[in-house]
Amino acid sequence: MSARMLDVHQSVPVLMLGLAVIVTLIPGKFDLSVSGVATLTTFAVVGLTVKNELPFPVAVGAAVAVGLGVGLINGVLVEYLNVNAFIATLGTGAICTGLAAVYSNGAYLGATPGTPDMPTWFRNFGTFVNKPPVAIVWVMIVLAVVGAFFVVDRFRPAAWSKTRWLVAKSAMFVSVILVLQFVTLLSTWVAQVSWMLLMLLLVALTMAVLLQYTTFGRQLQAIGSNRSAAALAGVRVRRQVVKSFVLGGFLAALAGISIAASQGSASPDVASAFLLPAFAAAFLSTVVFSDGRFTVGGTIIGGVFVVWVGIGLIVGGLPSTWTNVINGGVLIGAVSLSTAVRRRRT
């Protein structure tokens, strides 16, 4: 049990990048810069603290500013200069990775004797050993269950009355909760949640509410369904898409901060291997408890699946050099499944 939770803990940056990816996928854009942003922000947090000896809050603030700035640049390039999203974000991601290499001279950055180190609380935050109060985790789970209870209403059969659907939905949720508690030992899982996993849950809940229940989220969904119709309905399409890129940059910055916390150092291309799993998680969300839409919960579940598939194959004897092959294959499979589901919906 602890080993599985440790795997998820170590994969928080991948899952966070998956959330960064879906923010722009919902309105129909691809953001390939998220891994580059995560790499640069990792170097910003570690380097500005260790190498330049700046106060830690300044380093974190600079990392967040980098994410927001790159997201804004991506949005302007795509929406106002009409640069293809693939080309624009691929270019900005490469620039971010290159700037990280230039800043560090292509070398590893970390604390050494005689140089400042990152705060102890931050390093503890990144370890699996330190756990938050269990009560906080339970509150997050309850909020997630309540949210899911209302989200599944989109699957209600047209012929069913509200009363019949409420009874069926309630019975389903009670059954799932009983299985989780007595079969998969949910309480044991909850006790293994680390601070970084709690942060991921908090971000995921916030993103789920933002994308599902706010005007901004509904407008992004409308843009992704039919951009022209959304514009005719009064949606300021360009502004909302730019906002989605900025939000994606912010989440990518959080991924970089998570890497800095868990590793305590920065190395060249530290987040480059996370791009394919992040997109695979995003596309799997369209087939996990979904009707073809990108969802936050599906991204987290899909991301954990991707991580466990890769780890399982490696534990089974496949060399670790096959990691990119596995990730690429999972991505192709996820996109194929997503395409099939979307075609069936339309």
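This is a predicted model: local features need pLDDT of at least 70, side-chain atom pairs count only at pLDDT 80 or more; totals for chains, interfaces and linings use all residues.
Asp269 has a positive phi of about 55°, although it is not a glycine. Most residues other than glycine have a negative phi. With a relative accessible area of 42%, Asp269 is partly exposed.

Glu53 sits in the loop between helix 3 (34-50) and helix 4 (56-79), and its phi, near 55°, is a positive value in a residue other than glycine. Is Glu53 buried or exposed? Its relative accessible area is 52%, and the cut-off for exposed is over 50%, so Glu53 counts as exposed.

Val142, Val146, Phe150, Val209 and Tyr213 together make a nonpolar surface patch of about 450 Å². Two elements give two or more residues to this patch: helix 7 (134-151) and helix 10 (195-213). Which of them gives the largest share? That is helix 7, with three residues. Val146 is found in helix 7, and its relative accessibility of 42% makes it partly exposed.

**A helix inside**

Of its 14 residues, 14 are buried, so helix 2 is largely enclosed by the rest of the structure. At 1.5 Å a residue, helix 2 should span 20 Å, and its end C-alpha atoms are 20 Å apart, so the two values agree.

**Aromatic rings**

How many aromatic pairs does a search of the whole structure find? The search finds nine. Two of these pairs are set side by side here.

| Pair | Distance between centres | Angle between planes | Arrangement |
|---|---|---|---|
| Phe56 and Phe122 | 4.7 Å | 55° | tilted |
| Phe283 and Phe294 | 5.5 Å | 75° | edge-to-face |

Why is the pair of Phe56 and Phe122 called tilted? Planes under 30 degrees apart count as stacked and those over 60 as edge-to-face, so an angle of 55° leaves this pair as tilted. Phe56 is in helix 4 and Phe122 in helix 6 (residues 120-125), and the pair links distant parts of the chain, 66 residues apart. Both partners have values under the 20% cut-off for buried: Phe56 has a relative accessible area of 10%, and Phe122 has one of 3%.

The edge-to-face pair is made by Phe283 and Phe294. Phe283 lies in helix 14, while Phe294 lies in the loop between helix 14 and helix 15 (296-315), so the pair ties together parts that are eleven residues apart in sequence. Phe283 is buried, and Phe294 is buried as well. Both also belong to a cluster: ring pairs link Phe283 and Phe294 with Phe30, Phe86 and Phe279.

**Charges over rings**

The charged end of Lys51 sits over the ring of Tyr103, at 4.5 Å from the ring centre.

Conventions:
Residues are numbered from 1 along each chain as its sequence is written. Side-chain values use heavy atoms; hydrogens and water are left out. Helices (H or I, at least four residues) and strands (E, at least two) are DSSP runs, numbered from the N terminus. Buried means under 20% relative accessible area, exposed over 50%, partly exposed in between (1.4 Å probe, protein chains only). Patches are made of residues with over 30% relative accessible area and no salt bridge: like charges are joined within 9 Å, nonpolar side chains (Val, Leu, Ile, Met, Phe, Trp, Tyr) within 5 Å. Accessible areas come from the Shrake-Rupley method with a 1.4 Å probe; for residues, only the protein chains shown count as cover. A salt bridge is a side-chain nitrogen of Lys or Arg within 4 Å of a carboxyl oxygen of Asp or Glu. The expected span of a helix is 1.5 Å times one less than its number of residues. Rings of Phe, Tyr and Trp (its six-membered ring) pair if their centres lie within 6.5 Å; planes under 30 degrees apart count as stacked, over 60 as edge-to-face and the rest as tilted. A charge sits over a ring if NZ of Lys or CZ of Arg is within 6 Å of the ring centre and within 35 degrees of the ring normal.
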